[in-house]
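Take a look at the chain below.

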Amino acid sequence: MRIYYEIETKKRELDARILFGIISANKGFSVVIGKKNKLLEKIKYLIPGVFIFKSSRERPEKLAQYLRKYGFYIFSSDEEGLFNISSDEVLHRVPEKTIKTVDKFLAWGDEQANPLRNNYSNIDDKIILCGNSRFDLLKKPIKNVYLEAAKNINKKYGKFDLYISAFHKYNALTEPGTNYLTGIKSWGDNLIEHEKRKKLFSNMFELQKKNMMSTINFFNSNSKKMNKMIIRPHPAENLSTWTNNLNEDLKENVIYDHINTNSWIMAADRVFGYYCTATIEASLLGKMALNLVFNKGEVYETKIFDLFCNEINNPINYEDLDLKIKNLEIKSSKDFVNDKASFFFKNNNFYNAELVCDEITKFTKNKKKQNVKDRFDNKIYFTFFLILQKIRNLFISTKSITAKIYNQKNPGITLSEVKNKLNDFSKELGISNIKCREIYPGVFEIKKMKNGGSN
């Protein structure tokens, strides 16, 4: 059976997809990964299988008919579904029409799944509780892969604290004169739903605005003490908001690259954020994870940050910040195996790929298998597709906001990148004979080798 898993944001999703591919391949599956557009563009040439969408807002429902025409089963997930400000956000991010359309929905855990169960009818059999492979990257021995990059970061920057920004609603990279709120055409299927959610997200937008500007002001007021604070914006943020508003001596502290954030976390002394999933990941990596809050508000209902992070409220200056931290009973959760964690992410005691593959095996057990092969899968067509892609790129404006967002999230994936990380993960897991090949430009297959072939 073939599994397809799309990638939107390189530094957040690529490593997780590769790990998913290795574990699935070791169970006998073939896994194909690639950027969203590249994967969908070539899907009609590929062997039918299970296609996993990385989000569930609209695309699964819109593309279902097209994919089913070519014999695909449709699974959807929500890459950012670990952290939802309320049940209404869950329902907004995973609409009922999507759940009704897809074959299965991959939920992080019960916190995400419960609002769907409570508000949509007859969907229990569609929900698979499985967490996300991103959190498998934080486990032993997998996390050892990030040690070398962490050492290199420390060689370059020395000792530092890390602020991981997640102001992707207020500080979203959008067309001039627009923002995250104006870009949403509909908040619900009826007027009451629309107005309720519009109010919820408007409050969240304003709360992010207040906290981002308060954070920048705090950094500026304490810039001489904050010179060892590195700031890494969210992939969907407008980077210039940081560089334009920070003092001159802090501008170079804003660093955006495509290195997996785990390496930066492991290199840091302390990790700060504002309701940022990466602070939870930092806690699971054994780091001091701190939720820095200047304007509390009443938007966030989730309790996951209470479990993994310490909250710091309204520090007056750097000395006050340090004092507040010293007075904390630090939360650092190196142990995945506990009931509280499993409520939020179900892969605390298993690998996400194991859970997903087991469910795919059950789902496809009595399905008719198609005896077909990938089409145009040879060197001549690979070169043709590569030339075609280069010609298309000549007519695409790199200055548009859409192109800027696209390239900021994912500038491209190379075969060597996938192979190198595949080899690193396989070595740590003690899994051998897994190979990777590039079927079409930017579309990669991971599967078990036969008879000890070479990678």
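This briefing goes from the whole chain to a single pair of strands.

The model is predicted. Its chain holds 20 helices and 13 strands. Five of the strands, S8, S7, S9, S10 and S11, form an open sheet.

**Overall build**
- The chain has 455 residues, and a compact globule of that length would have a radius of gyration near 23 Å. The chain has 22 Å, which agrees.
- Along its principal axes, the C-alpha trace spans about 65 × 55 × 50 Å.

**Inside and surface**
- Of the 455 residues, 55% count as buried.
- The accessible surface of the chain comes to about 21000 Å². Carbon and sulfur atoms account for 50% of that surface.

**Contacts along the sequence**
- Take the contacts between residues at least 6 apart in sequence: 72% of these join residues at least 24 apart.

**The open sheet**
- What is the order of the strands? It reads S8-S7-S9-S10-S11, and the pairing is parallel.
- Strand S8 (229-232) and strand S11 (310-313) stand at the edges. Each has a single partner strand, so one side of each is left without a neighbour in the sheet.
- On average, neighbouring strands of this sheet are turned by 30° against each other, direction ignored.

**One pair up close**
- Strand S7 covers residues 161-164, and strand S9 covers residues 270-273. The two run parallel and are joined by 3 bridges.
- Which residue in S9 is the bridge partner of Ile 164? The partner is Gly 273.

How values were computed. Residues are numbered from 1 along each chain as its sequence is written. This is a predicted model: local features need pLDDT of at least 70, side-chain atom pairs count only at pLDDT 80 or more; totals for chains, interfaces and linings use all residues. Side-chain values use heavy atoms; hydrogens and water are left out. Two strands pair if DSSP finds at least two bridges between them. Helices (H or I, at least four residues) and strands (E, at least two) are DSSP runs, numbered from the N terminus. Axes are lines fitted to C-alpha atoms, for helices over the stretch in contact, and angles run from 0 to 180 degrees between N-to-C directions. The radius of gyration is taken over C-alpha atoms; the globule rule is 2.2 Å times the number of residues to the power 0.38. Buried means under 20% relative accessible area, exposed over 50%, partly exposed in between (1.4 Å probe, protein chains only). Contact means heavy atoms within 4.5 Å. Accessible areas come from the Shrake-Rupley method with a 1.4 Å probe; for residues, only the protein chains shown count as cover.
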